[in-house]
Amino acid sequence: MLHSLDPRQLDSRQASSLPAHPSIIDLRQFAREVTADTAGQADGQTDAFLANRYPLAIPACPVEIGAIRLEAGTGSVAELPTDEFIILCDGSLTLNRQGQTLALADSASAVLSAGAGFDWHCPQPTTLLYIRYLGESAGEGNLIAVDEAATLEPSGTPLVELLIGPTPSCRNHTDYRSADEEFMCGTWDSTPYHRRAMESRQYELMHLLAGAVTVVEQNGATRTYTKGDICLVEKGAVWSWESREDVKKVYAIYRPA
C-alpha cells in the first residue's frame with residue numbers, strides 16, 4: 001500500500017487520494033516506489049544521508065517516517081539533530097564514529113541518537129527506512145545496534161477483554177528508550193494469539209523476524225505479513241491481529257504520553 005510523499009510535494013489530485021483514515025503500510029513497497037527515481041533529492045550542499053529522503057505524509061507530530069536512498073559511495077554527517085531509527089531494506093551500509101564501526105546488512109537496524117556524527121560508506125546502492133524522533137534524546141550521540149539475539153524478558157500482554165482465545169506469553173528487550181520514554185526500539189516475541197480490533201495509540205514500525213501475522217483494518221483490508229516484511233501501523237489505525245505461530249519482531253514505537 002503506497003502512501004504519499006511529503007505534503008509539500010503533493011498536487012491537489014494526489015492530496016485528495018490520501019486514505020480517509022489511518023492505515024497499515026507495507027514499508028518495503030513504499031520504499032521501492034518512492035525511491036524509483038534514482039536521481040535522488042540531494043541539493044549538492046547537504047550530505048546525501050540527510051538530503052535523499054522521502055517522507056510519508058502523516059499528521060504533524062514529533063516523528064517523521066520515510067525512506068532514504070543512497071548511491072554507492074561515501075559521505076559524512078557532522079551531527080544528527082534528532083534521534084533516528086534506521087533499518088536496511090537493501091544493499092549495505094557501514095557507519096564509523098570515533099573508532100566505533102556499525103555495519104548494517106540483511107535488514108539489520110540501529111538507533112543513531114541525537115548528536116551523533118559519523119562517516120558512512122555504501123559499496124552498492126542502498127535503501128533504508130527511518131523514523132526521526134524530535135523529542136528528548138537519551139543517547140548522547142551514540143550508534144546503537146538493535147540486537148536481534150538479545151535475551152528477552154517477560155512483558156505485558158494484550159488486554160484480556162480484547163482476546164479471542166488464551167492469553168499469550170510475550171517477551172521484550174528494549175535497546176533504546178528516549179529520555180521522555182515516548183520513543184523506544186527493540187525486539188519482542190509472543191506465542192500465538194487472536195486480538196479483536198482496537199485503535200492504535202502509537203506509530204509502530206514492525207519488522208518480522210519469525211512467524212506470520214494476519215491484520216484486518218477498519219475498511220476490511222486484510223494482509224498477512226511474514227518473516228522479512230516491514231510494516232507501519234499508523235496512530236489511529238483500527239486493526240485486529242491474528243498469529244497462529246510464534247512471532248518475533250523488531251519494533252520502533254512513538255507512543256505519546
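On a 1 Å grid over the protein atoms alone, a cavity is a set of points where a 1.4 Å probe fits but cannot get out, a pocket is an open set with protein on both sides within 12 Å along at least five of seven lines, and lining residues have an atom within 4 Å of a point. The model is predicted, with pLDDT of at least 70 needed for local features and 80 or more for side-chain atom pairs, while totals for chains, interfaces and linings use all residues. Residues are numbered from 1 along each chain as its sequence is written, and side-chain values use heavy atoms, with hydrogens and water left out.

View A. The structure holds one cavity of 30 Å³ or more, and the volume of the largest cavity is about 30 Å³, where grid points are joined across faces, edges and corners and a volume is the space filled by probe spheres set on the points. Its lining consists of His 21, Pro 22, Ser 23, Ile 24, Glu 217, Gln 218, Ala 237 and Val 238. By class, this lining of the largest cavity has four nonpolar residues, three polar and one charged, where Ala, Val, Leu, Ile, Met, Phe, Trp, Tyr, Cys and Pro count as nonpolar, Asp, Glu, Lys and Arg as charged, and the others, Gly among them, as polar.

**View B. The largest pocket.** The largest pocket has a volume of about 810 Å³ and a lining of 26 residues, of which Trp 188, Gln 202, Glu 204, Ile 253 and Arg 255 lie nearest its centre. Strands S13 (170–177), S14, S15 (193–199), S20 and S21 (247–254) each supply at least two residues of this lining, and the largest share, four residues, comes from S13; strands (E, at least two residues) are DSSP runs numbered from the N terminus. The lining of the largest pocket divides into 13 nonpolar, seven polar and six charged residues.

**View C. Aromatic pairs.** Seven aromatic pairs are present in the structure, a pair being rings of Phe, Tyr and Trp (its six-membered ring) with centres within 6.5 Å, and planes under 30 degrees apart count as stacked, over 60 as edge-to-face and the rest as tilted. Tyr 133 and Phe 183 are stacked, at 5.1 Å centre to centre and 20° between the planes. Because Tyr 133 lies in strand S10 (residues 126–133) and Phe 183 in strand S14 (residues 183–190), this pair ties together parts that are 50 residues apart in sequence. Trp 188 lies in S14 and Trp 241 in S20 (residues 238–243), so parts that are 53 residues apart in sequence are tied together.

**View D. The hairpin of S6 and S7.** Strands S6 (residues 92–97) and S7 (residues 100–105) pair in the antiparallel sense over six bridges, pairing being assigned if DSSP finds at least two bridges between two strands. Two residues lie between the strands of this hairpin, where Gln 98 takes a positive phi near 45°. S6 is also joined by three bridges to strand S9 (residues 118–122), and these two run antiparallel. Asn 96 has Thr 101 as its bridge partner in S7 and Asp 119 as its bridge partner in S9.
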